[in-house]
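Have a look at the structure first, then read on.

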Amino acid sequence: MSNTRRSPEGRVYVVGHTAILPADSADSADCGGQLPLAPGDMSDLREKMAQQFNGELRERAQASGAVYVDAYGPSEGRDACSAATTRWIEPLVPQQPCCGRPPQRAR
């Protein structure tokens, strides 16, 4: 059964990835070892996420008629190196109790 018969007016939204790393690699010093990456690596990874990965998501969403939602722009300044009260992304070792690890399957 095609999706158009189930919800002919439905729309598909593709949400881009958020900013994980700070905009300025100088801000990576604020990570205090939370993200053990060299400043050059941070810049490279940030560019790949912002331009390549999200760019590919945007192109594919538009090509298929889906709506692309930019989560990267609104999340800038809320990366893993931001203050715990500001960030949307936790560093490698989460500091918020809710984000310790994914739920485990019942045994």
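This is a predicted model: local features need pLDDT of at least 70, side-chain atom pairs count only at pLDDT 80 or more; totals for chains, interfaces and linings use all residues.

A residue is called buried under 20% relative accessible area, exposed over 50%, and partly exposed in between, using a 1.4 Å probe and protein chains only.

Residues are numbered from 1 along each chain as its sequence is written, and side-chain values use heavy atoms, with hydrogens and water left out.

**The overall picture**

The protein chain has 3 helices and 2 strands, and these follow the pattern α-β-α-β-α along the sequence. Helices here are DSSP runs of H or I with at least four residues, strands are runs of E with at least two, and both are numbered from the N terminus. Of the 107 residues in the protein chain, 24% are buried. Take the contacts (heavy atoms within 4.5 Å) between residues at least 6 apart in sequence: 61% of them join residues at least 24 apart. The accessible surface comes to about 7700 Å², with 52% of that belonging to carbon and sulfur atoms; areas come from the Shrake-Rupley method with a 1.4 Å probe, and for residues only the protein chains shown count as cover.

**Salt bridges**

The structure holds 4 salt bridges, each defined as a side-chain nitrogen of Lys or Arg within 4 Å of a carboxyl oxygen of Asp or Glu. Among them are these:

| Pair | N to O distance |
|---|---|
| Asp 44 and Lys 48 | 3.5 Å |
| Arg 46 and Glu 76 | 2.5 Å |
| Glu 56 and Arg 60 | 2.5 Å |

Arg 46 sits in helix 2 and Glu 76 in the segment after helix 3, so this pair ties together parts that are 30 residues apart in sequence. Arg 46 is buried at 9% relative accessible area, whereas Glu 76 is partly exposed at 40%.

Asp 44 and Lys 48 are both in helix 2, 4 residues apart, or about one turn of the helix. Glu 56 and Arg 60 are likewise 4 residues apart in helix 2, about one helical turn. Glu 56 is partly exposed at 36%, and Arg 60 is exposed at 58%. Glu 56 also has its C-alpha atom 9.6 Å from that of Gly 16, although the two are 40 residues apart along the chain.

Which buried residue has no salt bridge, with Arg 46 as the nearest side chain of opposite charge? That's Asp 79, and Arg 46 is 5.6 Å away; Lys and Arg count as positive and Asp and Glu as negative, with His and the chain ends not counted. The Asp 79 side chain does reach the backbone nitrogen of Cys 81 at 2.8 Å. Leaving aside neighbours within four places in sequence, Asp 79 is in contact with several residues, including Ile 20, Pro 22 and Arg 87.

Arg 87 lies in the segment after helix 3 and counts as buried at 11% relative accessibility. Its side chain reaches the backbone oxygen of Ser 82 at 2.9 Å.

How values were computed:
A polar contact is a pair of N or O atoms within 3.5 Å; within protein, one must be able to donate a hydrogen and the other to accept it, and residues adjacent in sequence count only if both atoms are side-chain atoms.
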